[in-house]
Amino acid sequence: MGWDNSPRTGRSAVVKNNTPENFAKGLRMAKAYVDAHPKQVPLITINSWNEWTETSYLQPDNKYGYGYLQAIKQVFLDGK
């Protein structure tokens, strides 16, 4: 997902190119890391469900539909 809270803060780091495809790449990287470290707790935290004003949300939208949720399903349930 993305991140941009600059409208509220005036300055902020901004995540660009936040598409479901790029989100899936990040999820695959996180999964590969967890899989490669079996002695660690296998926990991946995803931020966040509904931070619309920061462009950091998983809920369906008009641009990508269910794309972010489908990316999670593909990586963690379908193994793609």
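Good morning, colleagues. The structure is a predicted model, in which local features need pLDDT of at least 70 and side-chain atom pairs count only at pLDDT 80 or more, while totals for chains, interfaces and linings use all residues. Residues are numbered from 1 along each chain as its sequence is written, and side-chain values use heavy atoms, with hydrogens and water left out.

I begin with helix α2. Helices (H or I, at least four residues) and strands (E, at least two) are DSSP runs, numbered from the N terminus. Helix α2 covers residues 20-36, 17 residues in total. The expected span of a helix is 1.5 Å times one less than its number of residues.

Which residues of α2 are buried? They are Pro 20, Phe 23, Ala 24, Leu 27 and Val 34. These residues lie on the same side of α2, because they cover an arc of only 100° around the axis; the arc is that of the directions from the helix axis to the C-beta atoms. On the other side, Glu 21, Met 29 and Ala 36 are exposed. Here, buried means under 20% relative accessible area, exposed over 50%, and partly exposed in between, with a 1.4 Å probe and protein chains only.

The buried residues of α2 pack against α3, residues 67-76. Leu 27 illustrates the arrangement: beyond its neighbours within four places in sequence, Leu 27 is in contact (heavy atoms within 4.5 Å) with Ile 46, Ala 71, Ile 72, Val 75 and Phe 76.

I turn to the largest nonpolar core. A nonpolar core is a set of buried Ala, Val, Leu, Ile, Met, Phe, Trp, Tyr and Cys residues joined through side-chain atoms within 4.5 Å. The largest has eight residues: Met 1, Phe 23, Ala 24, Leu 27, Leu 58, Tyr 68, Ala 71 and Val 75. The elements giving two or more residues to this core are α2 and α3.

Next, the aromatic residues. Rings of Phe, Tyr and Trp (its six-membered ring) pair if their centres lie within 6.5 Å; planes under 30 degrees apart count as stacked, over 60 as edge-to-face and the rest as tilted. The count comes to four aromatic pairs. Phe 23 and Tyr 68 form an edge-to-face pair, 5.5 Å centre to centre with 80° between the planes. This pair links distant parts of the chain, with Phe 23 in α2 and Tyr 68 in α3, 45 residues apart. Trp 52 and Tyr 57 form a stacked pair, at 3.9 Å and 15°. Trp 52 is partly exposed at 40% relative accessible area, whereas Tyr 57 is buried at 13%. Phe 23, Trp 52, Tyr 57, Tyr 64 and Tyr 68 form one aromatic cluster.

Finally, two individual residues. Is Ser 56 buried or exposed? Ser 56, found in strand β2 (residues 56-57), is buried, with a relative accessible area of 2%. Its side chain joins that of Asn 47 in a polar contact of 3.2 Å. A polar contact is a pair of N or O atoms within 3.5 Å; within protein, one must be able to donate a hydrogen and the other to accept it, and residues adjacent in sequence count only if both atoms are side-chain atoms. Thr 53, in the loop between β1 (50-51) and β2, counts as exposed at 57% relative accessibility. The side chain of Thr 53 makes a polar contact of 3.2 Å with the side chain of Glu 54.
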